[in-house]
Amino acid sequence: MQSKRIRIMVGLLTVCLVAWTSAYAQGDKTKLKGLITARTGDTIVVKTTDGTNVTVTLDDDTKVQQPKGLGVRKKQMSAAVLMPGLKVSVDGISQDSTHFLAKSITFNGDDLRTAEMIQAGLNPTEQKVAANEQNIEANKQGVQANQQNIASNKASIDANAAETSKRFSELSEYDTKDQMDVRFASGSTTISATDQEALKKLSHNAVNLTGYIIQVKGFADSSGNAAMNQKLSMERAQNVIAYLIQDCNVPVRHIVAPGAMGDVAPVASNETKAGRAENRRVEVKVLLNKGLAGT
């Protein structure tokens, strides 16, 4: 009797092992590198170095990471940073030649900043020059040195102009299905009750769209210095993202955040009180890939 039980147990273990091996064999662990050209909810499209478009699926276990320093440590990031124009390295399971399940996605900070500028519709050279010009204004005695820095930065960025232009041309186009601006008091990061209700309505309408993404950009007026405005615009964007996730039940995989824009790209003059109020904002857009919108 004991021998029979052992044979039954061995048989069951063998069946389970075969089933597990068969399931695992359907996909091979591998890695791919390329440029994100589209984002549609739980998936991104990555164009590899050989020109192949691969659809990469994200799930709740997908890790998004940015290397820290020169070591092997990695900073865990939100999937909200996975935006068109970002160079990534993806580890996961290949489902077929054009479909991939991501276990981890890695990128570096320089590529993220370039992607953020592309999403903001800014030319990287212009933003670098503008930043240096602000430094010149803040420190008159360093005019000559800063002008040299401007020229140096401009030359360095111009050397990569061909690649940047290529990224622009490869990005998929999106239709804006809904949008709103969240306004803030001077120096504040608090979302008003009125804007909270508007965000809930926007989110409710978005969930009925297949493959939607919500894009979030934070801005500030020019009242403070550049570093403070950058930090303030980031905190405003992060608070809006947190509200969308926690109070509006938007999955983080459906949010893409180009990040903090500081006082770049004002929509009104910073010379007036009313204009500064317009510029203290977070832009929220519900986007849908035109390929999906046409289906």
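Aromatic pairs: the count here is zero. Keep in mind that this is a predicted model. Arg281 sits over the face of Phe219, and the distance to the ring centre is 3.7 Å.

Now the overall build. The protein has 295 residues, and 41% of them are buried. Nine helices and 11 strands make up its secondary structure. The accessible surface comes to about 16,400 Å². Carbon and sulfur atoms account for 52% of that surface. What about contacts along the chain? Take the contacts between residues at least 6 apart in sequence: 70% of these join residues at least 24 apart.

On to charges. Side chains of opposite charge can pair when their charged atoms come close. How many salt bridges does the structure hold? The total is nine.

Start with Arg183. Which side chains does Arg183 meet in salt bridges? One is Asp181, with 3.4 Å from N to O. Another is Glu278, at 3.1 Å, again N to O. Look at where that second pair sits. Glu278 belongs to helix H8, residues 273-279, and Arg183 to strand E8, residues 174-183. The pair therefore ties together parts that are 95 residues apart in sequence.

Are these side chains buried or exposed? Arg183 is partly exposed, at 29% relative accessible area. Asp181 is partly exposed too, with 31%. Glu278 has 35% relative accessibility, so it also counts as partly exposed, since that class runs between the 20% and 50% cut-offs.

Next, Arg280 and Asp221. Their side chains form a salt bridge of 2.9 Å, N to O. Arg280 is in the loop between H8 and strand E11, residues 281-289. Asp221 is in the loop between strand E9, residues 213-218, and helix H7, residues 226-246. So this pair ties together parts 59 residues apart in sequence. Buried or exposed, these two? Both Arg280 and Asp221 are buried.

One more item on charges. A network of salt bridges links Asp42, Asp60 and Arg253.

Let's finish with strands. Strand E1 covers residues 28-40, and strand E2 covers residues 43-48. E1 and E2 run antiparallel, joined by six bridges. Within that pairing, Ala38 stands opposite Val45 of E2. The hairpin of E1 and E2 has two residues between the strands. Gly41 in this hairpin takes a positive phi near 65°.

E2 also pairs with strand E3, residues 53-57. The sense is antiparallel, and there are five bridges. Which residue in E3 is the bridge partner of Val45? That is Thr55. The hairpin of E2 and E3 has four residues between the strands. There, Gly51 takes a positive phi near 90°.

To recap the charges: Arg183 meets Asp181 and Glu278, while Arg280 meets Asp221. And for the strands: E2 pairs with E1 and with E3.

How values were computed: Residues numbered from 1 in each chain as written. Predicted model: local features only at pLDDT ≥ 70, side-chain atom pairs only at ≥ 80, totals over all residues. Heavy atoms only, no water. Buried < 20%, exposed > 50% of the residue type's maximum accessible area, 1.4 Å probe, protein only. Contact = heavy atoms within 4.5 Å. Areas by Shrake-Rupley, 256 points an atom, 1.4 Å probe, with all protein chains shown as cover. Salt bridge = Lys/Arg side-chain N within 4 Å of Asp/Glu carboxyl O. Phe/Tyr/Trp six-rings, centres within 6.5 Å; stacked < 30°, edge-to-face > 60°. Lys NZ or Arg CZ within 6 Å of the ring centre and 35° of its normal. Pairing = 2+ DSSP bridges.
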